[in-house]
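Hi,

Here is the structure I promised to pass on. Please have a look, then read my notes below.

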Amino acid sequence: MLPEEDLKIIKKELGREPTLVEQGCFLNLWSEHCSYRSSAPLLKTFTTTGENVIIGPGDDAAIIKFEDGYVLAIGMESHNHPSYVDPYNGAATGVGGIVRDIISMGARPIALMDPLYFGPLDTPKNLFLFEQIIKGIAGYGNCIGVPVVNGETFFDRRYSGNPLVNVVAVGLCKEEKVMTSRSQKAGNKLILAGSSTGKDGLGGASFASRDLSESAEAEDRPSVQVGDPYTEKLVMEMTLEAIDKGYIKSCKDLGAAGLGGASSELAAKGGLGAYIIADAVPQREPEMNAYEILLAESQERMVFEVAPEDVDAVLALVQKYDLNGAVIGHLTEKPNYTVEFRGEIVADIPIGFLTGGAPTCEKPSEAPIHREEGKKPETPEDLKAAFMKVLSSHNIASKEWIYRQYDHEVQLRTVVKPGEDSGVLRITDKKGIALSCGCQPRATLLDPYTGGRTAIIENAMNLAVKGAEGLAIVNCLNFGNPENPETYWQFKNAVLGLGDAARELSIPVVGGNVSLYNESDEFRTAIPPTPSIGMIGKVDLETPLPSGFFAKTGDSIILVGGTVPEMGGSEYYSCMGAGNAGKVPEVPKNAPEIIKAVIEAVKSGKLNSAHDLSLGGIGAGLARMCKNMGGKVDISEIAGGMKADEFLFSEAPARALLATAEPEAVQELLKGVPHAVIGMVGGDALEIKGKDFELSISLEEIKNAHESLTKFMMMG
């Protein structure tokens, strides 16, 4: 089962042939998914500490200081390959897994975000994947009572054979209740609690570390876990009650590599060993062998470290919630991972070697020698038709069909619902959090470093238009096969771009996930490099938050930030069939100052509306704000020598549109950063005037364009 080089290293360390069970442990724990073999050297370049970081990368989730004794738990995971093979269960268990990561830190999950990436909906297969993945997320999140408050959905043909399902989860608890997965004391018992163990998800970690084959749907279905959200809800309440009562010394959810992964990592983090009795595990199927018991990734399971005197109390709690539970081993002074099955030792491995011995290295890296350039489009004669084509693109259109399937108001914390730049939740009477997620894959494909930087800046601006300053970043780094030098070059440069921009904004990267080998044999394609991030920030709820839409007739419209003619990676070029043409716009050096100025403008309470500009540029941004009322805009003085389509659809980062009844006061706050008053809110149409063009688009036309995705889905 093992790669030849790994087998040589293992045989040398053990001084013998590894048993079948030991091979399975190494195959999964040394997989890219678990050990970050080719990514660890790059991840070390992130700045992961800060004044608010209590626990950074390395645990199930990060812990960030909030205020009034509260802390936030935040994590991000992917469930990409399973969501192609079995889209409903793959997506559902992606939600379940990251939620348990939050629970295992002692925090109650309060929010979810879902950055999703699909092939276009022009084939029955892509349509099926899209529908089932959304249903899986909705079905699981709604049942466990955790609101999905923000997300991203992006369509590109290169995702057809390998959709991406990334999930961010956020939790809340008091600082004194924080739990870790670091073992505490030899002699303490290990209790497995939750669902029983079946054969579902067997080898899921190793499955996630290889390309999807043409026969993946049939061959790899046993590698996909099957979720049960009702059991998850019981596991959540049982775990939090056990932690609250002080019974749990350390805790870890069972995800990748199942019990073998969770129990060995928990023990190793505290410098201890573990003795596991595989027979003691509550089993769903008869005659399961030790390999299956250890490495199946059955969902809704947690492993607890419990002092001997508290074992009965914990098992009583497990019974109270009608769950399965049993003592399945104990922690040992001897730093070995030992597994007994039917009275025989079937595995006995130095635990540090198992959990941390996978050889890591940077792979060969090589910039693409040649990129097939698309042809830059001429400025269209019918500018309005081009405008409407961009607005009705599924990437620009409203995602209401998706988020209306989610319960985004459960727990009664939601202040700003999905559909705006950020979701906002109330934490205390005066303070809340804003949440944003996503990236720009096409820009990252053309220029990985700039694309990585842009992802950070755009998410920070999404927070800024709600007055929120960034607290922490998590990521899902989705790429193709790292053994391809060009893919590894993309990966390396995107990570460097993410890290540099995060440092410029002084926001630590506190955790995340790497998902590699996202390639499809079926379509002979690799995904675009997709460094998707989740970002949370603190927001003051005493000041009224501006709407993401125009809210008051007569308000002055202010454009903040500089516009450049570079259009590479833009939605406009994609809609015009320009492919990979053009250069990606650079992140301006003063981006941190622009973001800070927007935050101060929002905090002043003088804004009625604020919206970040990203996909589709100023044109799409203005149209999006015209949900309830129109506006008159004149860009003839500020467009410079740019062509009409360049100014309207450039996706230059670090820009926002603000609307205010006090333009002079707001301009004073924006002093020192590029800005201009470009128009006024009002009327029943969006009217845009340039040097050599005039556009008028009615609110009804805008509404019809924005509803293109919803109408498409409702047709079937």
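H79 sits in the loop between β3 (70–78) and α5 (80–85). Bear in mind that this is a predicted model. H79 has a relative accessible area of 14% and is therefore buried. Leaving aside residues up to four places away in sequence, H79 touches G90, T93, G94, V165 and Q225.

Why start there? The unreviewed UniProt entry carries an "active site" annotation that covers H33 and H79. The two are spread over 47 residues of sequence, yet they cluster in space, with a largest C-alpha distance of 10.8 Å. H33 lies in helix α3 (residues 32–35). H33 has a relative accessible area of 18%, so it counts as buried, the cut-off being under 20%.

Next, a helix pair. Helix α7 (residues 124–144) and helix α10 (residues 229–244) have axes that come within 8 Å and cross at roughly 35 degrees. The crossing of α7 past α10 is right-handed. On the α7 side, G139, Y140, C143 and I144 make the contact.

Last, the cysteines. How many disulfides does a search of the whole structure find? The count is 0. Take C476: the closest cysteine sulfur, in C439, is 10 Å from its own, so the two are too far for a bond. C476 is buried, at 0% relative accessibility. For C626, the closest cysteine sulfur is in C575, 19 Å away, again too far for a bond. C626 is buried as well, with a relative accessible area of 3%.

Best wishes

Definitions and conventions. Residues numbered from 1 in each chain as written. Predicted model: local features only at pLDDT ≥ 70, side-chain atom pairs only at ≥ 80, totals over all residues. Heavy atoms only, no water. Axes fitted to C-alpha atoms, helices over the stretch in contact; angles between N-to-C directions. Helix = DSSP H or I, 4+ residues; strand = E, 2+ residues; numbered from the N terminus. Left-handed = near helix turned anticlockwise from the far one by under 90°. Contact = heavy atoms within 4.5 Å. Disulfide = S-S within 2.5 Å. Buried < 20%, exposed > 50% of the residue type's maximum accessible area, 1.4 Å probe, protein only. UniProt positions renumbered as here; feature names shortened; annotations may be inferred.
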